[in-house]
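Try each task before you read its solution.

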Amino acid sequence: MTDKTIQHPPSTTGRPIIEVIGMHKWYGDFHVLADINLKVQEKERIVICGPSGSGKSTLIRCINRLEEHQRGQIIVDGIELTNDIKNIEKVRAEVGMVFQHFNLFPHLTIIENLALGPIWVRKTPKKKAEETAMMYLEKVKIAEQAKKYPGQLSGGQQQRVAIARSLCMSPRVMLFDEPTSALDPEMIKEVLDVMIDLAEEGMTMLVVSHEMGFAKRVADRVLFMDEGQIVEENNPHDFFDNPQHERTRLFLSQIL
Amino acid sequence: MPSAVPFWRDPAKRAIVFQIVALLLVFGIAYILFSNTQANLQRQSIATGFGFLQNESGFEIGESVIEYSSADTYGRALLAGALNTLKVSFIGIILTTILGVFIGIARLSRNWLVSRLSAVFIEVMQNIPVLLQLFFWYAIFYEAFPSPRQALNPLPGLFLCNRGLIMAVPESHAAHLPMIMAFLAALALWWGLARWAKRRLDLTGLSFPVVRVGLGLSLLLPALVWLAYGSPIALDVPSLQGFNFTGGISVTPEFSALLLGLVFYTSAFVAEIVRAGIQAVTRGQVEAAMSIGLRPGQVLQHVVMPQALRVIIPPLTSQMLNLTKNSSLAIAIGFADFVSVANTTINQTGQAIEGVALIMAVYLCFSLSTSVFMNWYNKRMALVER
Amino acid sequence: MNPQDSTATREYLKPPVTEVGVIGWVRQNLFNSLFNSILTLLALYGLYMTVPPLFKWAFVDSLWFSNAEACRDIEGACWSIIPENARFIFFGFFPEDQQWRSFTAMILLFSLVFYTQSRRNWNRALFPIWTCGLVVMGWLMHGGLGLPVVETSKWSGLPLTLMLSLFGMVGAYPLGILLALGRRSKLPAIKSLCVIYIELIRGVPLISMLFMSSIMFPLFLPEGINIDKVLRAQVAIILFTAAYIAEVVRGGLQAIPKGQYEAADSLGLNYSQAMRKVILPQALKIVIPPTVGILISAFKDTSLVVIIALYDVLKTTKVTLSNPQWMGFSSEAYLSLALLYFIFCYAMSSYSRKLEKALHTGH
């Protein structure tokens, strides 16, 4: 867990940990995601960017079944996501998610927020769950706030707690849905630092974000989505310096 | 040296003068009303004071929880009325909460039919005055149900007629008290079991089916006592004697109509409160809970309900208070609640002031205790923020 | 990995047929799980058992415009009780030849309400328009100046219900505002007086206030002065409603940011000016939805005057039912009256919801 190798390449052999095959999704009549194909290897870090309405949040929310897809397959760690509730629960225990608006539980203390999952899902004894929680709180450098309530913390602190809360379930994949978009500028760095540490320890990450500095530093692949399709994918170097498609160029010119 | 401010421009002094004037005005008016009242009472030879409470009342009360006859005092009559108010309010609150929660949740159902039907119930029941609903149910009893001689008999021992609902009850037996004690003992065991199970969960992570075991115990222990006493099954069955039933217990049409009207009316408001409370918990909370792997039941128990209850309980207690206040409408359909009895007392003794004052005092007790409870609850449950 | 050519237009496919259209809707809304499917079937069964017999009773076997004897022969509903007794139910004891005045007053009221509900008409002219309207209504109902006088004791039926609610609100609104301001005052005497009043009135049922008005008010007055029963009941309703309005307005005042009070003060406005020009316009606008809620409750609560023997529309209906001719048709009478109340109250509450949405975006 404290192994600090930098930028170790993802394994290209072996079964991908996430496979999305020919996936389509509709909201009513609106075709929001069209023919998505994606393979994510273990320890890979992927950043997804694109204009609003492009479907990038919808895509990652399909991966932990917060949204349902209507056609195609999504396979996480060998388990296919269908209407089977047992599979959904298994997948959700393996996949952690960090939300734009943190979504900490306001009626529980920080440490209770973190221990909730392990106690009730993994049936961990309370003491052990709290020990693990404290360890993760120290990791995100917020251990002294353990007994406080979310309402007493700043946005950046809350988001770090949210990351720790997902880590307590020992997920194999972490999904990030615009984790810094709701933060004041001075708090963005503290959250990105935690995410960089996580990446350096080898966590598989899918991050929807506009933080291009983060992408350049940490990503193995950058995906550009527009109008429900993956328009371009490449390694960060080539993606930013040599975008292949017109739409990608247009988007990059607007945000950089 | 700062010049002294003339006192009529000094805000502090003006405030004092203003208050003195206001108080003089209020007390002045009160004094005028008071002296007028005294003069009028004297003129009409109406007594004052609460001495009348010890006089014989001379009227009967339709139904009462305690023993009462027309030879008893006014004080006892009023007590019987107050107990009737408490009885209908207590049962009404329990039934309203159950029905209201059920309909509130149904309103949020993903099943379109169920959700629409609850919406119709809510809209209809909220928009029709409660008094009209009371008259309606009361009329149903008198017009739709037959006389005792032709009473409906849907189940053995259960009769429905225009004198009310009459049903058989187990005959009084020595076994009953021990059975109640066994039930209370089972409840105590249940509580102890819950505490032990929580400690075990904290230590080992293993859960225990406390609810199922507790429920089983509360049914099993009294049943064992019942068996030990030789399984007494003697029933006090109502039988038709002449024009009416004797035996069993009866629920009068007045009580039933009052209860039905109050429960249907108030549960519509409770349903809206429950719905609003559950919807107040943002979708993000539910999603966060689901993404750490909690199952829907667990999400409800640990994340949604604690937050929803904070939003639900304060307006819910207001509705409970409204139900209690609305029970005063009993006078319109002849149920002997406190207001009804007080009204008869006023008519007979002429002591309107004392009578109305008593009515207001009783209801003020209810509302003040509810306020105190709400304040305590809000303080305790407030979400801690910066 | 499937990057699309950026120049090709995206293919917009149609969703699978089980997801949309009628089939999709039925599947998602009625049968999306085993539990819901069972519920749907149960609900449909329940509807099947109750709706057709009710329909038969209410519409197929019913009579609408007959006399009482014909009604006794049928099994269905006797809706005729309403048309045959309409004059009494709606106008009560108002002299028959003058009932056009009652009727006109109601029409005037409805037109005023209809005019007011459109936000485009919310301007300075509204206040004088309402004042004129109320004066004209008062003249039509009471008489004088060319019309024969009809005492308030004869005002009954629907006009009485409407008047009690309307004048109840009109009287309670300013009183409620004063109470709310008083409750927020820093002067302890004023604050205590207002708190005592508000908590006392909110803690007791309306019926006790009505009793007070009919039994106690006469004792408060010097000998010889007699105030009409309707007026006494109206005062009781005003005093009662004012306490509830006070609480609602207090909520509005609390919602105004402190900065507004400070800005008004720093402009040199005194208390009365600050309240009238800056604070109250904002506060009252915020609380329009709950205020309409109180109006709806006041409208429903006028039915309580039955208990002090005033002839509102509920009492006139009851009196009709005690007529031996029409005895036994309570369900029909009460259901019709319920429909009347429902239409009024539902209209008011949907308006309130619409208003809330419109004001929410504006504020």
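A polar contact is a pair of N or O atoms within 3.5 Å; within protein, one atom must be able to donate a hydrogen and the other to accept it, and residues adjacent in sequence count only if both atoms are side-chain atoms. By that rule, chain A and chain B share 7 residue pairs in polar contact (both at pLDDT 80 or more).

The model is predicted, so local features need pLDDT of at least 70 and side-chain atom pairs count only at pLDDT 80 or more, while totals for chains, interfaces and linings use all residues. Residues are numbered from 1 along each chain as its sequence is written, chains are lettered from A and ligands numbered from 1 in the order in which they are written, and side-chain values use heavy atoms, with hydrogens and water left out.

**Exercise 1. Describe the overall build of chain A.**

Step 1: Start with the secondary structure. Chain A has 9 helices and 10 strands; helices (H or I, at least four residues) and strands (E, at least two) are DSSP runs, numbered from the N terminus.

Step 2: Check the overall form. The radius of gyration is taken over C-alpha atoms, and the globule rule is 2.2 Å times the number of residues to the power 0.38. For 256 residues a compact globule would have a value near 18 Å, and the 18 Å of chain A agrees. The C-alpha trace of chain A spans about 55 × 40 × 40 Å along its principal axes.

Step 3: Look inside. In chain A, 62% of the 256 residues count as buried (buried means under 20% relative accessible area, exposed over 50%, partly exposed in between, with a 1.4 Å probe and protein chains only). Among contacts in chain A with a separation of 6 or more, 66% join residues 24 or more positions apart; contact means heavy atoms within 4.5 Å.

**Exercise 2. Describe the interface of chain A and chain B.**

Step 1: Count the residues. Chain A brings 29 residues to the contact and chain B brings 26 residues.

Step 2: Find the area. About 2700 Å² is buried between chain A and chain B, and carbon and sulfur atoms give 60% of it; buried area is the accessible area (1.4 Å probe) that two parts lose on being put together, summed over both. A:R92, A:H107 and A:W120 supply 23% of the area that chain A buries against chain B, more than any other three residues.

Step 3: Look for charge pairs. The rule finds 3 salt bridges across the interface of chain A and chain B. B:E287 and A:R61 meet through their side chains in a salt bridge (2.6 Å, N to O).

**Exercise 3. Describe the interface of chain C and chain B.**

Step 1: Count again. This contact takes 57 residues from chain C and 51 residues from chain B.

Step 2: Give the area. Chain C and chain B bury about 4600 Å² between them, with 73% from carbon and sulfur atoms. C:L219, C:F220 and C:K300 supply 14% of the area that chain C buries against chain B, more than any other three residues.

Step 3: Finish with the polar side. Here the rule finds 1 salt bridge across the interface of chain C and chain B, and B:E123 and C:R353 meet in a salt bridge (3.4 Å, N to O). Chain C and chain B also have 14 residue pairs in polar contact (both at pLDDT 80 or more).

Key:
Salt bridge = Lys/Arg side-chain N within 4 Å of Asp/Glu carboxyl O.
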